[in-house]
Amino acid sequence: MRDEFFAGSYGGDASKIADNTRLECKICWYVYDPAVGDEYWQVPPGTPFAALPDHWSCPECDSDRNGFMVVDD
Ligand SMILES: [Zn+2]
């Protein structure tokens with residue numbers, strides 16, 4: 001199932017996440033993968049979640065970035 005949903009929330013604390021950590025929107029399940037980046041916001045591949053621009057929000061549902069959950073592989 002989706003156990004990773006409960007692994008922990010980002011909550012604005014960048015120290016919780018590594019440069020290659022993927023995070024998942026708790027509203028729509030969109031996953032931000034640093035290896036892929038984000039075409040919607042024109043974020044280049046290799047951009048860590050913590051380095052996303054301040055205006056970044058979920059490209060699918062416009063949810064606040066602080067609502068993203070760490071995907072624990
Ligand atoms: Zn979303």
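The site of the zinc ion is tetrahedral, with angles of 103 to 116° among its four donor atoms; four donors are classed in this way if all angles lie between 85 and 135 degrees. Ideal angles for four tetrahedral donors at a metal are 109.5 degrees. The coordinating atoms are the SG atoms of Cys25, Cys28, Cys58 and Cys61, at 2.3 Å, where donors are N, O and S atoms within 2.8 Å of the metal (3.2 Å for Na, K and Ca) and water is not among the atoms, so sites may look incomplete. Along the chain, these donors follow the spacing C-x2-C-x29-C-x2-C. Because Cys28 lies in the loop between β1 and β2 and Cys61 in the loop between β2 and β3, the pair ties together parts that are 33 residues apart in sequence.

The model is predicted, with local features requiring pLDDT of at least 70 and side-chain atom pairs counting only at pLDDT 80 or more, whereas totals for chains, interfaces and linings use all residues. Residues are numbered from 1 along each chain as its sequence is written, and side-chain values use heavy atoms, with hydrogens and water left out.

The protein chain has three strands and zero helices, these elements being DSSP runs numbered from the N terminus (strands, E, at least two residues; helices, H or I, at least four). Of the 73 residues in the protein chain, 38% are buried, that is, under 20% relative accessible area, as against over 50% for exposed and in between for partly exposed (1.4 Å probe, protein chains only). By these limits, Cys28 is partly exposed at 27% relative accessibility, and Cys61 is likewise partly exposed, at 31%.

Ser57, placed in the loop between β2 (31-32) and β3 (68-70), is buried, with a relative accessible area of 9%. Its side chain makes a polar contact of 2.6 Å with the side chain of Asp62, a term denoting a pair of N or O atoms within 3.5 Å, of which, within protein, one must be able to donate a hydrogen and the other to accept it, while residues adjacent in sequence count only if both atoms are side-chain atoms. Asp62 lies in the loop between β2 and β3 and is exposed, at 58% relative accessibility.

Most residues other than glycine have a negative phi. Phi of Asp62, however, is positive, near 65°, and that of Trp29 is also positive, near 75°. Trp29 lies in the loop between β1 (23-25) and β2 and is partly exposed, with a relative accessible area of 37%.

Key:
Tetrahedral: all angles 85-135°; square planar, octahedral: opposite > 155°, others 65-115°.
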